[in-house]
Amino acid sequence: MATIERTDIDALNATLTVTVAQEDYKQEFQNELKRYRNQAQLKGFRKGKTPMSVVRKMFGRSILADVINRQMQKEMSDYLYNEENPVDILGQPIPSESQEEFEFSVANLSDYVFKFDIGLAPKFELQGIGGHTFERYVVDPGKKQIEEELENLQRRFGKNEEVEGPVEERDIITLKAVELQDGAPKVAGIMNEFTLFIQNTTDAAKEAFLDKNIGDSAELDVFNLEAGTTDDHVRKYLLGLEEDDDREVENMFSLTIDKISRNVPAKLGKEFYEQAFGEGDVSNKTEALAKIQEDYNGFYSKQTDALLFRDTQEYLMEQNAMDLPEEFLKRWLVASNENNTPASVEAGFDGFRKGLRWTLIREKLIKHFELEVSPEELRASFAEQVRGYFGGGQPEWLNDDMINNMVNRMMNEEKSVREKFDELMNDKLSESLRGEYELKDKKITPEELQAIVEKIRAEQEAESQLIADEEE
């Protein structure tokens, strides 16, 4: 049996010396040679009859290397991940810089000594739980925005009706278009009919059609009617030309209003309330406004909770300062990924160090609060995610068996399960931490919240760009 010896360099670094003696591997090596001889079928020899000397000469070195490496890896794994006394390491062991080079010799079996450097997780007692006040944002859209949202719902569930005019900002107008040349209808020119949403038109089109009535006309550049449009869009959808129709088209058209269609908002009443909020949930305007306020609170609370959790993370990292085996970690990052270079690792190390520190604190917090995520919770969250693909509901054709089948596929994807586990665990951790601190509510508007989120995003992007620039 191989032996292992640990030498602590300091509190964060150690060296493991693994000795695989000849008596530890000799018998297994002989067995592997015999097994390979029995399975090998080399040219000139019957299967299983290849002379052992040939097998040793051709394959002995690689077989010996495999046997010794397996012994060494098993010994190191048993030592590091022993259930009774595991070693709390960061990253994975990497060959020591003092490791001697040697060749595996079949003719001269001997003892082999491997040296590995390991980085040790810092020991610390969790600090900073409780005894602090955090500012918690509470988004208040304001009475005006709540009223506007109710009006938007009325328009959404309203009906389009044709009116005589005059044209208003939210109307849809149908235009009869006649191509012009030198101010007169072009001979054999284009004549077509199309619709325009007034809200989506250019200033020139708005000026020409707002407050006008059916039968009123204007001469306008047809390629400058809708904001942000393209010539291809105009030719196909406004002028009705086929893709292979490459005729030259004049810019100016005579445009006559033929129809005006207007959204007539739904009237407040039982039918509208059931359409907008569900059966039995709302019965009057006051309840409708309260329901919209509740929905706003639910929507914004996810963002404000995330900001609060971020502030809590920053505070806990300040309270739990720790040293890390940085030089080891930099070597390990280079050794563990062929795409990493010393320069790229150095450039991104601040972010890596911060993430690792939070991971260590997070592990202690999870143990402190005794948090768990059960398989049932994972399945339920995946099922909710599936329903979210369909607007949060469950159409009649989407039965429970179909949902379960989709969830089963998700549960079989290791990456998806890991991400979902972290998401649910962070939700539980965030909730547990909120209960430990005094929270002082601060009302802000949706616009102020958006500005805060954008500022954080810009800072993160700037940091990422700095790393990218340094890598270049």
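**Strands around β11**

Strand β10 (residues 217–221) and β11 run antiparallel and are joined by five bridges. Within this pairing, A218 stands opposite L255 of β11. The model shown here is a predicted one, and that should be kept in mind throughout. In general, the strands of a sheet pair through backbone hydrogen bonds, in either a parallel or an antiparallel arrangement.

Strand β7 (residues 172–181) pairs with β11 in the antiparallel sense, over eight bridges. Here K176 is the residue that stands opposite T256 in β11. Strand β6 (residues 159–163) also pairs with β11 in the antiparallel sense, over five bridges, and V163 has I260 of β11 as its bridge partner.

**A four-stranded sheet**

Elsewhere there is an open sheet of four strands, in the order β1-β2-β4-β3, with antiparallel pairing. Which strands stand at the edges? They are β1 (3–8) and β3 (89–95); each has a single partner strand, so one side of each is left without a neighbour in the sheet. Neighbouring strands of this sheet are turned against each other by 25 degrees on average, direction ignored.

Strands β2 (residues 13–20) and β4 (residues 112–120) pair in the antiparallel sense over eight bridges. In this pair, L16 stands opposite F116 in β4. Helix α2 (residues 52–80) packs on the sheet and touches β1, β2, β3 and β4. The direction of helix α2 makes about 135 degrees with that of β2.

**Two buried helix residues**

Now turn to single residues in helices. E32 is located in helix α1 (residues 22–39). Is E32 buried or exposed? Its relative accessible area is 18%, and because the limit for buried is under 20%, E32 counts as buried. Apart from neighbours within four places in sequence, E32 is in contact with I63, V67 and R70.

V386 belongs to helix α10 (residues 375–388). With a relative accessible area of 0%, V386 is buried. Neighbours within four places in sequence aside, V386 is in contact with I403, M406, V407 and M410. By contrast, the C-alpha atoms of V386 and S98 are separated by 54 Å, and these two residues are 288 residues apart along the chain.

M402 is found in helix α11 (residues 400–411). M402 is partly exposed, at 33% relative accessibility. Together with Y389, F390 and W397, M402 makes a nonpolar surface patch of about 420 Å².

**Salt bridges**

How many salt bridges does a search of the whole structure find? The search finds 27. One of the salt bridges joins the side chains of E250 and K186, at 3.8 Å from N to O. This pair links distant parts of the chain, 64 residues apart: E250 is in the loop between α5 (231–238) and β11 (252–264), and K186 is in the loop between β8 (184–185) and β9 (191–197). E250 is partly exposed, with a relative accessible area of 24%, and K186 is partly exposed at 21%.

In another salt bridge, the side chains of E314 and K354 meet at 3.0 Å, N to O. This pair also links distant parts of the chain, with E314 in helix α7 (residues 285–319) and K354 in helix α9 (residues 342–369), 40 residues apart. E314 counts as partly exposed at 27% relative accessibility, and K354 counts as partly exposed at 39%.

A salt bridge can also join residues of one helix. E327 forms a salt bridge with K330, and the closest N and O atoms are 3.9 Å apart. Both residues lie in helix α8 (residues 326–336), where E327 and K330 are three residues apart, about one turn of the helix. Which of these is exposed, and which is buried? E327 is exposed at 56% relative accessibility, whereas K330 is buried, with a relative accessible area of 14%.

Lastly, E97, D117 and R331 are linked in a network of salt bridges.

How values were computed. Residues numbered from 1 in each chain as written. Predicted model: local features only at pLDDT ≥ 70, side-chain atom pairs only at ≥ 80, totals over all residues. Heavy atoms only, no water. Buried < 20%, exposed > 50% of the residue type's maximum accessible area, 1.4 Å probe, protein only. Contact = heavy atoms within 4.5 Å. Patch = residues over 30% accessible without salt bridge, like charges linked within 9 Å, V, L, I, M, F, W, Y side chains within 5 Å. Areas by Shrake-Rupley, 256 points an atom, 1.4 Å probe, with all protein chains shown as cover. Salt bridge = Lys/Arg side-chain N within 4 Å of Asp/Glu carboxyl O. Pairing = 2+ DSSP bridges. Axes fitted to C-alpha atoms, helices over the stretch in contact; angles between N-to-C directions.
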